[in-house]
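Please look through the briefing below with the sequence and the structure side by side.

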Amino acid sequence: MKNATTLIYDGSFNGFLTAVFIAFEEKLKVMDIQKNGQTQNGLFSENETIFTHVEKAKRVWNGVRNKSYNAITNIYFAFLSEAEGIEMMLFEYIKKLMAHKGKQSDFSDETMLYISQMARKVGREKHRMEAFVRFQLTKDDIYFANIEPDFDVLPLISKHFRNRYADQQWLIYDVKRKYGIFYNLERVELISLNLSEIHFNRSRKSQTFTEGEYDYQDLWNNYFKSTNIKSRINRKLHTQHVPKRYWKYLSEKKEAV
């Protein structure tokens, strides 16, 4: 009888898919799938370190996609949720998907339903970030923005901003996860940053940004106040569409925070 195994991977999506491949290939009894550095030893399981292998990851990706194109989107979005225990939930999801004879998912199943719901939450956060990012022009002619999303959505929003701002260099920095995406007029790159100071759009003036940028923000704030007719404000609805946790990154909200 095989011992239960805890698979340790590097935290990347390809690393996770590689772990799934190894689990299927070696017919492992998987107790847990954990990120390297966050390992908790189980009393009744052995640890196995998984080294990311892109071709093995692709085989899992293609296998799932052949079953259901929607499923591969659900898996990727849910993975980016960073929810506790999401790897094992996704592993169970993939096992059930591959065992299912048809191509349709069974949403009466709790695992299938959970992953679908989690993917929708991440999708909503993606759209919010695409709507709420506010850039500031730095003295290096790079448009810079901070975000602090609930989920790791930077990989999901890069295409939107590349298409929308193709003629500008820009950098979007995730304050919570301490990394960013940088567009250099040719391609988008993931970059690691350890900023000593976080610049909010509402904060005091910084030497990092151009003086004209603050002039623009003043114009934007005046416009926002002039069009924001108090008698017509539905604050409950407004907060639903623009949750307060985003306000510190919105230049038009700097006096409301």
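Helix α1 passes helix α4 in a right-handed crossing, a crossing being right-handed if the near helix is turned clockwise from the far one by less than a right angle, and left-handed if anticlockwise. This is a predicted model, in which local features need pLDDT of at least 70 and side-chain atom pairs count only at pLDDT 80 or more, while totals for chains, interfaces and linings use all residues. Residues are numbered from 1 along each chain as its sequence is written, and side-chain values use heavy atoms, with hydrogens and water left out.

**Helices α1 and α4**

- The axes of α1 (residues 13-25) and α4 (residues 86-99) come within 11 Å and cross at roughly 55 degrees, where axes are lines fitted to C-alpha atoms, for helices over the stretch in contact, and angles run from 0 to 180 degrees between N-to-C directions.
- On the α1 side the contact is made by F16, V20, A23 and F24, and on the α4 side by E87, L90, F91, I94 and K95, contact meaning heavy atoms within 4.5 Å.
- Seven residues of this contact between α1 and α4 are nonpolar, none is polar and two are charged, with Ala, Val, Leu, Ile, Met, Phe, Trp, Tyr, Cys and Pro counted as nonpolar, Asp, Glu, Lys and Arg as charged, and the others, Gly among them, as polar.

**Helix α3 and its partners**

- Helix α3 and helix α4 pack at an angle of about 170 degrees with their axes 10 Å apart, and α3 and α4 are therefore roughly antiparallel to each other.
- In this pair, A71, N74, I75, A78 and F79 of α3 meet I86, L90, Y93, I94 and L97 of α4, and the contact of α3 with α4 has nine nonpolar residues, one polar residue and no charged residues.
- Within α3 (residues 69-79), the residues A71, I72, N74, I75, F77, A78 and F79 are buried, where buried means under 20% relative accessible area, exposed over 50% and partly exposed in between, with a 1.4 Å probe and protein chains only.
- These buried residues of α3 pack against strand β1 (4-9) and against the helices α1, α2 (54-67), α4, α5 and α6.

**Helices α5 and α6**

- The axes of α5 (residues 110-132) and α6 (residues 154-164) come within 9 Å and cross at roughly 30 degrees, and α5 and α6 are therefore roughly parallel to each other.
- The crossing of α5 and α6 is right-handed, and it brings V122, K126, M129 and E130 of α5 to meet L156, I157, H160, F161 and R164 of α6.
- The residues of the contact of α5 with α6 divide into five nonpolar, one polar and three charged.
- In α6, the buried residues are L154, L156, I157, S158 and F161, and they pack against α3 and α5 as well as the strands β5, β6, β7 and β8.

**The chain as a whole**

- The chain has eight helices and eight strands, taken as DSSP runs numbered from the N terminus, with helices (H or I) of at least four residues and strands (E) of at least two.
- Buried residues make up 42% of the 257 residues in the chain.
- Among contacts between residues at least 6 apart in sequence, 68% join residues at least 24 apart.
- The accessible surface of the chain comes to about 15,300 Å², of which 50% belongs to carbon and sulfur atoms; accessible areas come from the Shrake-Rupley method with a 1.4 Å probe, and for residues only the protein chains shown count as cover.

**Individual residues**

- S192 lies in strand β8 (residues 188-192) and counts as exposed, at 70% relative accessibility.
- Leaving aside residues up to four places away in sequence, S192 touches K178 and Y179, and the C-alpha atoms of S192 and K178, 14 residues apart along the chain, are separated by 6.6 Å.
- K178 is placed in the loop between β6 (170-174) and β7 (179-183), where K178 counts as partly exposed at 46% relative accessibility, and its phi is near 60 degrees, a positive value in a residue other than glycine.
- D141, found in the loop between β4 (136-137) and β5 (143-147), has a positive phi of about 60 degrees although it is not a glycine, and D141 is exposed, with a relative accessible area of 54%.

Technical notes
Parallel < 35°, antiparallel > 145°, perpendicular 65-115°, else oblique.
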